Amino acid sequence: MKKGLFLAGCIFAGVSLPAATLTVDRNGGSGMYRTIGEAAAKAVPGDVISVRPGIYREHVAPERGGEPGRPITYRAAERGTVFLRGSEEWKPVLTPVPGEKNLFTTPVPEDAFFGDFPNPFRRKLNAGGRDKKEPARPASGALLPYSLGQIFCDGGELRQSQTPEEVRRVPGSWIITPDGGNLLLHLPPEYDPERSLLEITVRDRVFAPARRGLGYIHIEGFVFEHCANQAPFPQLGMVSTRSGHDWVIRDNVIRHARTVGLDVGSEYWRTDLIPKTTPEDRKQLRKGGRHLVTGNLVVDNGLCGIAGWSCRGVKIIGNTVERNNNLSLTTSECDWEEWAGIKLHEADAALVEGNLVRFNGAHGIWFDNGYDKARITRNVVFGNIGSGIFIELGAGCVMIDNNIVANTTPFTGYYPGRGIYVHDASGVKICHNLVFDNAAEAVFMHNVTDRKTRGKTVETSDELVVNNIFCNNGGGVSLPVPGDRSENCVSDRNLFVGDVGFRYSGSTPWEKISGDAAKLLTAEEMNRVRITKRFTPEVWPKVSGREKNSVFLTGREFGVRIKPFEPSLYLTIGKLPAFEPVPGIDRDFVGLSYGARVFPGPFQDLKPGATAYRLLFPVPSDK
């Protein structure tokens with residue numbers, strides 16, 4: 001009997017075959033596979049594909065997944081030594097530019113070099129809703145647009161510049177010349193024509209199934225890099241679950257994707273636009289999710305680190321997510337605003353816990369269009385641009401607790417560097433966070449659009465901001481003016497440090513509010529409000545009814561300093577107030593339980609004086 005027939009018969013009869021280990025070695029050997037794709041074509045539920053060290057240049061596209069308790073596991077035999085790349089070696093004829101050091105021209109790579117994949121150097125990067133395929137050539141007098149192409153020299157990415165003059169000034173950069181026929185390259189000083197390795201991207205995905213909706217696939221210990229993917233919709237992550245479910249993505253490095261590093265969702269609501277999809281898979285498949293993404297380094301991706309549209313129940317735990325949106329794309333360059341360290345849509349029951357999210361050229365963590373029963377907890381969100389944590393468009397409940405959010409800087413005028421930013425979203429609970437040194441307000445909430453969610457016009461209602469520490473931010477807590485679309489918004493029992501000013505967010509002028517409350521304020525207080533255009537801590541409780549039980553300290557009474565690369569945190573405090581606990585929050589940043597009375601902020605073991613914390617993220621064993 002043929003092996004294939006015997007296997008099919010056993011599966012049909014319900015007989016479980018013993019798991020096998022399929023070994024991959026690029027150098028071959030008895031009983032071994034030379035490519036990961038060859039092993040993937042043979043693997044059945046329960047099998048482990050063990051990959052020996054080396055560089056593997058392929059798009060791994062599994063056609064089958066595992067089963068509950070019997071995943072198909074892709075595992076690097078030695079973690080961090082298996083490089084799975086979407087690039088190929090490139091040996092161009094380089095013509096030196098006279099009088100310039102390490103400056104060369106060479107023809108744009110020919111289409112034939114890329115096989116069936118469209119030439120990425122002839123495709124415009126378009127962070128929008130449809131994949132535009134115009135040649136990467138500028139309009140007269142306009143800045144040159146980015147293409148999807150990438151060039152690497154000895155492992156380092158050469159940056160595509162906007163003008164030839166910039167390329168001449170900056171080593172390690174390149175551009176397509178204005179006539180569209182050549183590349184102008186300024187190679188790094190250490191480039192050696194005899195020894196250096198040049199690589200260019202030739203694939204738009206590196207690990208993504210051939211079929212949508214596969215489940216129970218584990219990926220462990222790889223380095224995924226180099227990918228000419230378009231974004232953001234359809235979401236074509238360099239590593240992609242493609243509407244799958246119950247994956248485990250553990251201990252990998254995911255870096256240098258042109259746009260999205262990892263996508264954990266259902267790709268798109270327009271299935272007719274999803275590429276490389278069989279006719280029977282052209283359906284929404286919105287039942288995916290429940291993935292565990294843990295222990296990964298997601299770094300240096302062009303647009304977004306981790307993305308997901310329709311990714312219910314996903315758990316993103318204990319990862320480092322940094323330097324994403326390294327193209328610094330902005331609203332002037334993107335039809336869709338999908339830049340972030342972590343950006344999730346339709347993320348009901350999602351958990352983002354214990355991650356280090358730092359130095360992204362965009363928002364740190366962003367939930368959009370659905371988040372009921374979701375939680376963002378115990379993360380360190382540092383040095384991002386725009387907003388540390390951003391919640392947009394939804395109703396239900398999302399808990400943001402025990403996070404450290406610091407040093408957010410402005411992205412555009414619309415995103416001025418707030419610690420936690422909320423718009424068109426209800427049911428946001430912000431509790432026991434430490435939010436400090438952000439350029440704008442610690443918390444800012446308001447209505448922006450008339451969009452609908454769950455059949456109703458969006459609101460910014462039922463918000464809760466309690467038991468937090470807000471220190472030296474560019475403002476306090478700004479909530480919308482009470483109204484039909486902003487009801488039951490509570491902010492109280494917080495600890496504020498430094499010069500704090502309050503105001504209502506939204507379009508209602510502060511003068512109208514102060515006029516309504518004029519009888520509650522002294523003439524001196526009213527005059528100060530008119531001059532400063534904000535409410536002092538003494539006036540704000542009278543005007544708004546908020547922060548009546550909050551505590552205000554000076555910088556001499558409370559100090560905080562962070563070392564983001566260790567990372568570690570240093571707190572100095574005199575006496576801390578004690579408040580009522582918040583239902584549903586049972587442990588602090590380091591895992592300590594809450595008592596009947598709790599301190600504000602993410603640490604329950606604070607004592608008067610100086611306290612140091614190493615910001616480590618042990619992943620709970622039950623996750």
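In which strand is the place of His363? And which residues is His363 in contact with, leaving aside its neighbours within four places in sequence?

Reply: The model is predicted. His363 has its place in strand 28, which runs over residues 363-368. With a relative accessibility of 0%, His363 counts as buried. The cut-off for that word is under 20% relative accessible area.

The surroundings of His363 can be listed by name. Neighbours within four places in sequence are left aside; His363 is then in contact with Trp339, Ala340, Gly341, Asn384, Ile385, Gly386, Ser387, Phe390 and Tyr415. Two of these contacts can be described further. Gly386 is 23 residues from His363 in sequence, and the C-alpha atoms of the two are 5.3 Å apart in space. In the case of Ser387, the side chain of His363 reaches the backbone nitrogen of Ser387 at 3.1 Å.

As a general point, nonpolar side chains tend to be buried together in soluble globular proteins.

Tyr74 is in contact with Val60, and so are Ile36, Ala40, Leu84, Val206, Phe207 and Ala208, when neighbours of Val60 within four places in sequence are left aside. Val60 has its place in the loop between strand 3 (54-57) and strand 4 (72-76). Like His363, which has 0% relative accessibility, Val60 counts as buried at 0%. For a distance across the model, take Val60 and Phe444: they are 384 residues apart along the chain, and their C-alpha atoms are separated by 43 Å.

Strand 3 has two faces. Gly54 and Tyr56 make up its covered face, while Ile55 and Arg57 are on the uncovered one. Strand 3 pairs with strand 5 (residues 82-85) in the parallel sense, over four bridges. Within that pairing, Arg57 has Arg85 in strand 5 as its bridge partner.

Next come the charged side chains. The count of salt bridges comes to 36. One of them joins the side chains of Glu280 and Arg211, with 3.7 Å from N to O. This pair links distant parts of the chain, 69 residues apart: Glu280 is in the loop between strand 19 (260-263) and strand 20 (292-294), and Arg211 is in the loop between strand 13 (198-201) and strand 14 (217-220). Glu280 is partly exposed, at 47% relative accessible area. Arg211 is partly exposed too, at 28%.

A salt bridge also joins Glu267 and Arg212, whose closest N and O atoms are 2.5 Å apart. Glu267 lies in the loop between strand 19 and strand 20, and Arg212 in the loop between strand 13 and strand 14, so this pair ties together parts that are 55 residues apart in sequence. Glu267 and Arg212 are both buried.

Asp450 and Arg485 form a salt bridge as well, with 2.9 Å between the closest N and O atoms. Asp450 lies in the loop between strand 37 (441-446) and strand 38 (452-453), and Arg485 in the loop between strand 42 (475-478) and strand 43 (490-492), so the pair ties together parts that are 35 residues apart in sequence. Asp450 is exposed, with a relative accessible area of 59%, whereas Arg485 is partly exposed, at 25%. Shared partners also matter for the picture: salt bridges join Arg57, Arg85, Glu199, Glu225 and Arg255 into one network.

Three strands form an open sheet with antiparallel pairing, in the order 46-47-48. Its edge strands are strand 46 (558-563) and strand 48 (609-614), each of which pairs on one side only.

Note on methods
Residues numbered from 1 in each chain as written. Predicted model: local features only at pLDDT ≥ 70, side-chain atom pairs only at ≥ 80, totals over all residues. Heavy atoms only, no water. Salt bridge = Lys/Arg side-chain N within 4 Å of Asp/Glu carboxyl O. Buried < 20%, exposed > 50% of the residue type's maximum accessible area, 1.4 Å probe, protein only. Contact = heavy atoms within 4.5 Å. Pairing = 2+ DSSP bridges. Polar contact = N/O pair within 3.5 Å; in protein donor to acceptor, adjacent residues only side chain to side chain.
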